[in-house]
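Here are my notes for your review. Please read them with the model open.

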Amino acid sequence: MSVPAAISVAQYLDLVNDRLREVPSDVGVEGEVSDLRVSHGKWVSFDLKDAEAGAVLKCFMTVWQLSVPLEDGMRVRVTGGAKVSPKFGKFQMDVRAVELVGEGALKRAYLALKAKLQEEGLFDGARKRPLPRFPERVGLITSREAAAYGDFLRVLGNRWGGVDVLFSSVHVQGASAVPEILAAFAHFNALPEAERPDVLVLTRGGGGLEDLHAFNDESVARAVFSCRIPVVVGIGHERDESLCDYVADVRASTPSNAAERVCPSREEVRYEVESMARHVETRLREKLDAHRRTVGHVASAAGAFVSRERERLYATVSAFDGAAGRWIPRLRERVFGGERLLKNVDPTRVLARGYGIVSVGGHVARDASALEVGAEVEVRLARGRFDADVTRINGKGKQRLI
């Protein structure tokens, strides 16, 4: 290619950048982050330092390309293309990916992201959902080759049978782990409610921070947080922890413990049922005893009441008998006196002494002047009666024959 004697700055930089594109862009460059800056919430720039050689590589990327939290002093491995910025005339690497290197950098990134998620409330205990006591369907996300897979199913089967396990096999570490785990969560969330598992288990064996990077990934932690199904996370050894552990509704210490947290033990349930039966029987016996005592008290009180009333009745009858003994003779004497009085005024007894009762037309005649000469009267005697004619009244009337 022929080159003119003089070219513009832009043309010159284009020539330089053409040469720089020949530098392999998939080569990772390791160094320590320094002078980290974020401009306008969009642009990220930092220096990648080689402390031993005193060399510095200017790096530039967008915040959307940055998948791990960065801090000054972290050791990272970056990949990208080399170029000279036409605007600033500065040699730099346009970074496409950043990967943390070394336990120290991973630990610092882990702690920084943990603090961020905690501040956002992803670890808040108030939002954690309870697990169903007897799940019918369990979703399992792990690697089929992992020991965690076999441990979980073995313990689950030993504790409680008949549970339908919906298994989603994923890589639990490596480059494909994060997208596969995210796809598994998306799959379970998209299931119709009738087909959705009652609880979801994300599990794997133990390991260091590098091994657990998928379980410490921000996008996976947020998938656990926003999952429609209660999530249990169990990782290898009890001492291991991940961000997903803190976000999960239930944190299990191991994959086996995850199975124990998901389903109850047959023996535990049998013991609970027997304990409940004994408790119910005891309560029923107590209530029966209480009712029996109440009936006894009522019967005793009723008997006492009847006894008192009987005594009162006996006392009343006795008092009545005493009073009757005193007033009955007086009453008898009064009755007899009345009887004698009635006998004295009895017309038949008067008639027996020689008197008669004269009546006219059915009415007793009490005044002779009311009679008429020639009238027929009836005379009643002590024994029998007869009719007579009136001949004289008070010396007047038919003359008496002498």
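**Notes on the predicted model**

1. The model is predicted. Start with Cys227: its relative accessibility is 3%, so Cys227 counts as buried under the 20% cut-off. Cys59 also has 3% relative accessibility and counts as buried. Cys227 takes part in no disulfide; its nearest cysteine sulfur belongs to Cys244, 11 Å away. The disulfide count is zero.

2. Helix α8 covers residues 266–344, which is 79 residues. At 1.5 Å a residue the span should be 117 Å, and the end C-alpha atoms lie 110 Å apart, which agrees. There is a kink of about 35° at Gly325, shortly before Pro329.

3. Four aromatic pairs turn up in the whole structure. One of them is Trp43 with Phe60, stacked at 6.0 Å centre to centre with 25° between the planes. Trp43 is in strand β2 and Phe60 in strand β3, 17 residues apart. Trp43 is partly exposed at 36% relative accessibility. Phe60 is partly exposed too, at 29%.

4. Tyr149 and Phe167 form a tilted pair: 4.5 Å between centres, 40° between planes. Tyr149 belongs to helix α3 and Phe167 to strand β7, so this pair ties together parts 18 residues apart in sequence. Tyr149 is buried at 19%, whereas Phe167 is partly exposed at 24%.

5. Two charged side chains deserve a look. Lys90 lies over the face of Phe88, 6.0 Å from the ring centre. Arg251 lies over the face of Tyr246, at 5.7 Å from the ring centre.

Definitions and conventions. Residues are numbered from 1 along each chain as its sequence is written. This is a predicted model: local features need pLDDT of at least 70, side-chain atom pairs count only at pLDDT 80 or more; totals for chains, interfaces and linings use all residues. Side-chain values use heavy atoms; hydrogens and water are left out. A disulfide is a pair of cysteine sulfur atoms within 2.5 Å. Buried means under 20% relative accessible area, exposed over 50%, partly exposed in between (1.4 Å probe, protein chains only). Helices (H or I, at least four residues) and strands (E, at least two) are DSSP runs, numbered from the N terminus. The expected span of a helix is 1.5 Å times one less than its number of residues. The bend at a residue is the angle between axes fitted to the seven residues ending there and the seven starting there. Rings of Phe, Tyr and Trp (its six-membered ring) pair if their centres lie within 6.5 Å; planes under 30 degrees apart count as stacked, over 60 as edge-to-face and the rest as tilted. A charge sits over a ring if NZ of Lys or CZ of Arg is within 6 Å of the ring centre and within 35 degrees of the ring normal.
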